[in-house]
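Dear colleague,

Please find below the structure that I am handing over to you. My notes on what was found in it follow.

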Amino acid sequence: MRGTQTINENNHLVIGGVDTTELAKKYGTPLYVYDVADIRKRSLAFKEAFRPYPVAFKVAYASKAFSSVAMVQLAEELGLALDVVSGGELYTALVAGYDPKNIHFHGNNKSEDELLLAIDKKIGAIIVDNFIELQMVKTLAEARNQTVCIMLRMTPGVEAHTHEYIMTGQEDSKFGFDLMNGEVKEAIKYALNAPSLKLTGVHSHIGSQIFEAEGFTHAVKRIVEHMAAWKDELGFEPEILNIGGGFGISYTKKDQPISISAFIGSIVETIMAECSANQLEVPEIWIEPGRSIVGEAGTTLYSVGTHKSIPNIRKYISVDGGMSDNLRPALYQAEYEALLANRASDASEEQVAIAGKCCESGDILIQDIALPTAQAGDILAVFCTGAYGYSMANNYNRLPRPAVVFVEEGQEQLVIKRETYEDLLQYDLAFQTTVK
Ligand SMILES: Cc1ncc(COP(=O)(O)O)c(C=O)c1O
Ligand SMILES: N[C@@H](CCCC[NH3+])C(=O)O
């Protein structure tokens, strides 16, 4: 059991003090349920992990993991800064009333419109990814007679040990200025010569779902070495060193990430030691966790429908969602754990595969899981779907996106409504034939 999950006297899974079978009845399935207390606990854990050290720090929630008005408002209540990666995420944050000063904007191909929105709203920092963007931000800032705070995204040439699709720190990456070949130094020179740009720091994000601190500390060592050279050669010392997100979580028992405090402890101690060895001031340290804030807090409830047994091969149990609400198994062969929420402590009786309802053989949510014999109408709870679940949900096969409910201390609140068939058609226009 994760977070506040328990099993009640009716043998039902309870999250945040709320019976999940009642949630399924009231809001329908599939349904994403977020355990708000777990989000609070993890956000606090990141901040507490910095406290033993004499360093300034900022914990930003990477809203790509799960962006919604309510989630952004919760992040603000928790004192988290906010990382956005598109005009849409920025707009969500602004509509949520989030303080623009604490927003920073990522992305390898920001459009002029997106940059203008960020500049007009005077957000905290634009994390500039490449020379074309650097020039664009300079031109836009000059045209508005504004000074814009920027940071530079670097690829430090470090390979994080994770799925290749979610590695970002290696040399062969679409993101950022290359640290090792001198591109970062060129970008710093450019920014220092542009009065409309205030270069506050540098940024590196080596990848996602990482279990060990080693990749981070390796990157930090390389970056601080370069910081010493920038100080000597350019007189530039970053005020901020942002080392990104990527802290892994436990989707299944096989995933054993080190603790939040162990991650932060290793990173901060390495930054302090390397800065001291290079006679540098320790910069303000920023991190950007997404998955590790919301991932384990999310559970998806599905209704069981049909099943198919293939003797000596496999039994498929089909549910009423799939790759439309959780793309991760199809995209990264991601693995999940689950139980029947209406028979939560019943013993397992068979090995089955959990299939989604999309018209794809690859739409398998779980390849192999032991469950009690599931019947149509049972509620399947798939755990750890809080990050990159709703945010990567789609309308494949014209399936409406599910609703999202927050639960805490016995209370529930609907924070995203379920899409309707009418919603699916809201942008459709009728065909006008040209045949007379
Ligand atoms: C720049 C940046 N920061 C933060 C994150 C958040 O990563 P995670 O959800 O793994 O913590 C990502 C996504 O990988 C990212 O690209
Ligand atoms: N969406 C991915 C991770 C990418 C993170 C964003 N850079 C996942 O579900 O694991």
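According to the UniProt annotation "active site", taken from an unreviewed entry, the position concerned is Cys359; UniProt positions are given in the numbering used here, feature names are shortened, and annotations may be inferred rather than shown by experiment. Cys359 sits in the loop between strand S17 (350-355) and strand S18 (364-371). Helices (H or I, at least four residues) and strands (E, at least two) are DSSP runs, numbered from the N terminus. Cys359 counts as exposed because it has 9 C-beta neighbours inside 10 Å. A residue is called buried if 20 or more other C-beta atoms lie within 10 Å of its own, exposed if 12 or fewer, and partly exposed in between, with C-beta atoms placed from the backbone.

Please note that this is a predicted model, in which local features need pLDDT of at least 70 and side-chain atom pairs count only at pLDDT 80 or more, while totals for chains, interfaces and linings use all residues. Residues are numbered from 1 along each chain as its sequence is written, and chains are lettered from A and ligands numbered from 1 in the order in which they are written.

The chain is divided into domain 1 (6-35 + 297-424) and domain 2 (52-293), with bounds that come from an automatic or database domain assignment. Taken over C-alpha atoms, the centres of domain 1 and domain 2 are 34 Å apart. In all, 16 residues of domain 1 are in contact with 14 residues of domain 2 (C-beta atoms, placed from the backbone, within 7 Å). On the side of domain 1 that touches domain 2, the elements giving two or more residues are helix H11 (328-332), strand S20 (403-408) and strand S21 (411-416).

The largest nonpolar core has 123 residues, of which Leu82, Ile126, Ile150, Ile354, Leu380 and Ala381 touch the most other members. Such a core is a set of buried Ala, Val, Leu, Ile, Met, Phe, Trp, Tyr and Cys residues joined through C-beta atoms within 7 Å. Helix H9 (residues 260-277) gives the largest share of this core, 7 residues. Both domain 1 (6-35 + 297-424) and domain 2 (52-293) contribute residues, so the core lies between them.

Yours sincerely

How values were computed
Contact = placed C-beta atoms within 7 Å.
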